[in-house]
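Please read them with the sequence and the coordinates open beside you.

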Amino acid sequence: MKKALELHEFVKEVKRGNISIAEHTEKILEEAEKSNSKFHHFNLIAKKSALQHAKEIDAGIKTGQHKGKLLGVPITVKDCICVKNFESRAGSKILTGYLPLFDATAVAKAKAEGAIIIGKTAQDEFGFGTFSNNVGVDFEKPLNPIDPKRCCGGSSGGSAGFTALTSLAHASLGQSTGGSIASPASFCGVAGLTPTYGRVSRYGLIDYANSLDKIGSLGKTTADAALLLEVISGYDMNDSTSLKAEAQDLANANPSNDLRIGVVKEFFKACEEKVQKECMKAIDKLEEEGATVEEISLPLNAKYGIAAYYLASTTEASTNLARFCGMRYGLHGKLEGNFNEYFSKIRSQGFGTEAKRRILLGTFARMSGFRDAYYLKAMKVRTKLIKEFRQAFENLDVLVNPTMPLVAPTFSEINKLSPLQQYAMDLCTVPANLAGLPHASVKAGEHNKLPVGLMITADHLQEKKMVQAAKAAEGLK
Amino acid sequence: MTEKVDKKLLLRVAENARLNLSEKEIEEFLPQLQEILKAFDRLDTIDVKDEKPSFQPIPLENVARHDVVEKCLSQEQALKNTKNKKDGYFMGPKVM
């Protein structure tokens, strides 16, 4: 990865007048356009509006208006997060042509701090994937900048891919339902932060599963991602699940070396040996630096996490996606037949294979006669899994494990996996997401030049500890 | 959880979900969904009869906004994203 200025340094230079925002924005747009024909990290590059915005900020600085924690910072936004007047499709053909009338709260907050939105990033359709291989009909898969035969991870694949690729100051807004920030961060070797459920407003997010979705951040370093996460966090009356929690200073959180760390035995055992080895090396170093490390066990989460997560998330997805029917926005057709025939026709054309699979699974799990045995059962199991985490955090600050059980696989390797085998790859990331816990993925090491991610999970609303641990792990040499 | 999905049930589910499945899709999805649901049967091995369901990961309070008139989308804005409109209204397919 090429060395870029960290965002806080970049903003400092901007405020001193040492960086022209217009020039920097032009450079990163050029890089995005040039790389996109090969790597497909973008579903949309917003050249005109980004350059216009950059010029406005430059002019403002000249007249003494130079406030903002992200002044002039180019930000990419996962396609499922609405940006006013930017085609926002959540990676799906069914949202073709949809131009939101408003900014998502997270986007509005970033803009208010001076960020420049340069484009929408590629993803698995609606977030339905672990590798960004399940892109929508007529979309291109984003490729890993370290080796284009390999995936970026998913579902925030374009966000992580471009964060790794760019040589310039930049950060990205991602979104996680079951690990969609951590997975691509791990495979692309960048930092990904997912907050506590409710910490960041979901207003303006094209939802996958309401009780699981979190908007978060990706950056080349934890500090970059933490600055963006700090900016987008906070209560929002437009989201009824938004938390009234005290804000934390994440950007300036110092790396902490005296944390009590729990190493999750079952998650480690499920990973490839080379991945285990790189993560253990990082954990050993954290211990040398002063952390207390102990092995802990989360047997219920390891055994039941995947099943509970996929039943919960697909059930919610199947109701969320019911609104897409070719009437009010997105893909349209000629109004023929009765409403059932018309809606079914548009939906069958607009949704890709994995979206259909998950809609079917979720519709089944909540259908009369099956709801108690599948959906409701999964929700009760979820209670048990949350309790297991709660117990673990009684004596520990953070839990650690490999983010993904393997390094970024090639697309031909992925194609050999059945859907169930692909779901099973989320073993380490799904439990924290099901419990709404904040978690980070940072680069722990490499195997044959391919990054290995270490996942750090903290208790509810303990984002600061998560960032402190992530910075400590990242600083290890 | 002994119920298993067969072709008839799959078609019923698809109809509920407003999806037309091709023969090829049925052939692909049926064994995949059977495999997935069989694996998820492991939820039968955990006792949760005394547990309450967690519809949210952390406890939330019911919130309601203040009952005041606020600015909302104009009719024109609300219709901006559709091609199916007539006289300031959405135009939908036939209901009857």
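Predicted model: local features only at pLDDT ≥ 70, side-chain atom pairs only at ≥ 80, totals over all residues.

1. The model as a whole scores ipTM 0.95 and pTM 0.97. For chain B the average pLDDT is 92, and 97% of the residues score at least 70.

2. On the overall form of chain A, the secondary structure comes to 17 helices and 11 strands, and the C-alpha atoms fill a box of roughly 65 × 55 × 45 Å along the principal axes. The radius of gyration of chain A is 21 Å, which agrees with a compact globule, because 477 residues packed in that way would have a value near 23 Å. Of those 477 residues, 62% are buried. Among the contacts in chain A with a separation of 6 or more, 77% are between residues 24 or more positions apart.

3. Chain B calls for a separate reading. Its secondary structure comes to three helices and two strands, which follow one another from the N terminus in the order α-α-α-β-β. The radius of gyration of chain B is 22 Å, whereas a compact globule of 96 residues would have one near 12 Å. The C-alpha trace of chain B spans about 55 × 45 × 25 Å along its principal axes, and 17% of the 96 residues count as buried.

4. Nonpolar side chains tend to be buried together in soluble globular proteins. Here the largest nonpolar core has 172 residues, and those with the most contacts inside it are A:Val73 and A:Ala308. Helix α10 of chain A, residues 299-320, gives the most to this core, with 10 residues. Leaving aside residues up to four places away in sequence, A:Val73 touches A:Leu7, A:Phe10, A:Val11, A:Ala115, A:Ile116, A:Ala169 and A:Ala171.

5. Which strands pair with β11(A)? Strand β10 of chain A, residues 439-447, runs antiparallel to β11(A) and is joined to it by eight bridges, with A:His447 as the bridge partner of A:Leu450. These two strands form a hairpin with two residues between them, and A:Asn448 in the turn has a positive phi of about 50 degrees. Strand β9 of chain A, residues 398-402, also pairs with β11(A) in the antiparallel sense, over five bridges, and A:Asn401 stands opposite A:Met455 there.

6. The last point concerns the contact between the chains, where 45 residues of chain B meet 58 residues of chain A. On the side of chain B that touches chain A, the elements giving two or more residues are α1 (7-16) and α2 (23-40) of chain B, and α2(B) supplies the largest share, seven residues. By class, that side of chain B has 25 nonpolar, 10 polar and 10 charged residues.

Key. Residues numbered from 1 in each chain as written. Chains lettered and ligands numbered in written order. Core = buried A, V, L, I, M, F, W, Y, C linked by C-beta atoms within 7 Å. Buried ≥ 20, exposed ≤ 12 C-beta atoms within 10 Å, placed from the backbone. Helix = DSSP H or I, 4+ residues; strand = E, 2+ residues; numbered from the N terminus. Contact = placed C-beta atoms within 7 Å. Nonpolar A, V, L, I, M, F, W, Y, C, P; charged D, E, K, R; others polar. pLDDT = per-residue confidence, 0-100. Pairing = 2+ DSSP bridges. Rg over C-alpha atoms; globule rule 2.2 N^0.38 Å.
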